[in-house]
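Have the viewer open as you read.

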Amino acid sequence: MSSRTYMSSLERDLKSPTLHKLTELCEVMEVHPLTLLTLAYAGDSTDKTDELLARVRQELEAVLKERSTP
C-alpha cells in the first residue's frame, strides 16, 4: 500500500497524507480516521482528548441544527 520511504516522510513531517491515504492507513491500522486525528491533536493527554471531543460534539450539533432549520 505505502512504501517505507513514504511512511518515513510522513513520520518526519515532510509530507502530508491526503484524506484518501489517511483512510487507507487507518484501515491497515484498524482504527477510525477520527481516532488518528484525535491522537494527532490531543496526544497522550486525556484532558485534551476530552476537551477536543466535547468541542467536536458541540460543533457537530450546531452544524446539524443549522442544516435542519428551514
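Predicted model: local features only at pLDDT ≥ 70, side-chain atom pairs only at ≥ 80, totals over all residues.

Residues are numbered from 1 along each chain as its sequence is written, and side-chain values use heavy atoms, with hydrogens and water left out.

**Charged side chains**

- The count of salt bridges is 2, a salt bridge being a side-chain nitrogen of Lys or Arg within 4 Å of a carboxyl oxygen of Asp or Glu.
- Lys21 pairs with Glu24, with 3.3 Å between the closest N and O atoms; both lie in helix 2, 3 residues or about one turn apart. Helices here are DSSP runs (H or I, at least four residues), numbered from the N terminus.
- Lys21 is buried at 17% relative accessible area, while Glu24 is partly exposed at 22%. Buried means under 20% relative accessible area, exposed over 50%, and partly exposed in between (1.4 Å probe, protein chains only).
- The charged end of Lys21 also sits over the ring of Tyr6, 5.6 Å from the ring centre. For this, NZ of Lys or CZ of Arg must be within 6 Å of the ring centre and within 35 degrees of the ring normal.
- Arg55 and Glu59 form a salt bridge at 2.8 Å, N to O, and they are about one helical turn apart because 4 residues separate them in helix 4.
- Arg55 is exposed at 52%, whereas Glu59 is partly exposed at 41%.

- Thr38, in helix 3, is buried at 17% relative accessibility, and its side chain reaches the backbone oxygen of Leu34 at 2.7 Å.
- Ser45 lies in the loop between helix 3 and helix 4 (46–68) and is partly exposed at 26%. The side chain of Ser45 reaches the backbone nitrogen of Lys48 at 3.0 Å.

**At the surface**

- Val31 is found in the loop between helix 2 (19–29) and helix 3 (33–42), and Val31 is partly exposed at 32% relative accessible area.

Conventions
Helix = DSSP H or I, 4+ residues; strand = E, 2+ residues; numbered from the N terminus. Polar contact = N/O pair within 3.5 Å; in protein donor to acceptor, adjacent residues only side chain to side chain.
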